[in-house]
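Here is a short report on one protein chain. Look at the model first, then read on.

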Amino acid sequence: MQPTPHPHRRAVLGLSALALGAAWLTGCSTVTQMLAPRTVEISKTELLNKMASQFPMRNTVMDLFDVECAAPRLNLQPDSNRVLADVDLSARDRLFSKQYQGNLWMSFRLRYEPRDQTIRLQNVTVDRIAFKGLPASYEKHLTKLGAWLAEDRLQNYVVHRFSPEDLMKADKHGLTVTDIKITQKGLAIQLAPKS
């Protein structure tokens with residue numbers, strides 16, 4: 001017959017077992033986080049498809065021109081973590097109904113907004129706007145106007161909204177989106193443990 005442990009010793013053994021169980025559970029949680037994917041890739045094609053659903057985009061500029069923007073062509077710049085976009089423009093003069101075709105060249109960063117689980121434009125800059133048939137001297141003024149409009153209308157513009165299901169797996173593993181990196185292939189959405 002084995003001796004019965006002293007009540008004090010039983011409590012110490014019980015606490016030790018509890019501490020070991022807690023350490024094991026914490027270890028499991030850490031292992032789960034380590035095994036969970038840390039980067040979600042969105043290819044350039046997927047990004048274009050997500051953006052294309054919002055085009056053509058139409059705007060009236062200063063009550064003088066009706067402007068239509070086609071879906072952009074994208075050039076990914078991993079070194080500067082920016083995206084260059086070349087956009088076909090069509091503008092109609094509201095006074096004389098004359099039609100102009102042109103291009104807008106702009107660049108931007110992308111950021112994640114956790115409040116509504118969106119990817120948004122950030123640091124939008126317009127490099128140049130050109131329309132065929134307009135004098136070259138107008139380009140400088142158009143580019144200035146375009147830069148002003150871009151800051152006003154495109155800053156924080158939503159290019160993609162995640163569905164709750166998209167981020168459910170990451171959330172289940174205790175991860176959250178921390179950054180978006182531009183790569184040669186598309187976007188690398190980086191995940192890290194929630195603080």
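## Ground rules

Helices (H or I, at least four residues) and strands (E, at least two) are DSSP runs, numbered from the N terminus. This is a predicted model, in which local features need pLDDT of at least 70, side-chain atom pairs count only at pLDDT 80 or more, and totals for chains, interfaces and linings use all residues. Residues are numbered from 1 along each chain as its sequence is written, and side-chain values use heavy atoms, with hydrogens and water left out.

## The whole chain

The chain holds four helices and ten strands. Along the sequence they run α-β-α-β-β-β-β-β-β-α-β-α-β-β. Of the 195 residues, 32% are buried. Buried means under 20% relative accessible area, exposed means over 50%, and partly exposed lies in between (1.4 Å probe, protein chains only).

The accessible surface (Shrake-Rupley method, 1.4 Å probe; for residues, only the protein chains shown count as cover) is about 12700 Å². Carbon and sulfur atoms account for 57% of that surface.

## Helix 3

Helix 3 covers residues 136-154, 19 residues in total. From first C-alpha to last it reaches 25 Å, close to the expected 27 Å. The expected span is 1.5 Å times one less than the number of residues.

Which residues of helix 3 are buried? They are Thr 143, Gly 146, Leu 149, Ala 150 and Leu 154. These lie on the same side of helix 3, because they cover an arc of only 135° around the axis. The arc is taken from the directions from the helix axis to the C-beta atoms. Strand 2 (57-61), strand 6 (99-113) and strand 7 (118-131) are among the parts that cover them. The other side of helix 3 has exposed residues: Lys 140, His 141, Lys 144, Trp 148, Glu 151 and Asp 152. After helix 3 comes Asn 156, with a positive phi near 70°.

## Two asparagines with positive phi

Asn 81 is not a glycine, yet its phi is positive, near 55°. Asn 81 sits in the loop between strand 4 (73-77) and strand 5 (82-93). Its relative accessibility is 15%, so Asn 81 counts as buried.

Asn 123 is not a glycine either, and its phi is about 50°. Asn 123 belongs to strand 7. At 38% relative accessibility, Asn 123 is partly exposed.

## Salt bridges

Side chains of opposite charge can pair when their charged atoms come close. A salt bridge is a side-chain nitrogen of Lys or Arg within 4 Å of a carboxyl oxygen of Asp or Glu. The whole structure has eleven salt bridges.

Arg 58 and Glu 68 form a salt bridge at 2.9 Å, N to O. This pair links strand 2 to strand 3, and its residues are ten apart. Arg 58 is exposed at 57%, while Glu 68 is partly exposed at 32%. Arg 73 pairs with Asp 86, with the closest N and O atoms 3.0 Å apart. Arg 73 is in strand 4 and Asp 86 in strand 5, so the pair ties together parts 13 residues apart in sequence. Glu 113 bridges to Arg 111 at 2.9 Å, and Glu 113 is buried at 9% relative accessibility. A network of salt bridges links Asp 63, Asp 66, Arg 92 and Arg 94.

How values were computed:
Contact = heavy atoms within 4.5 Å.
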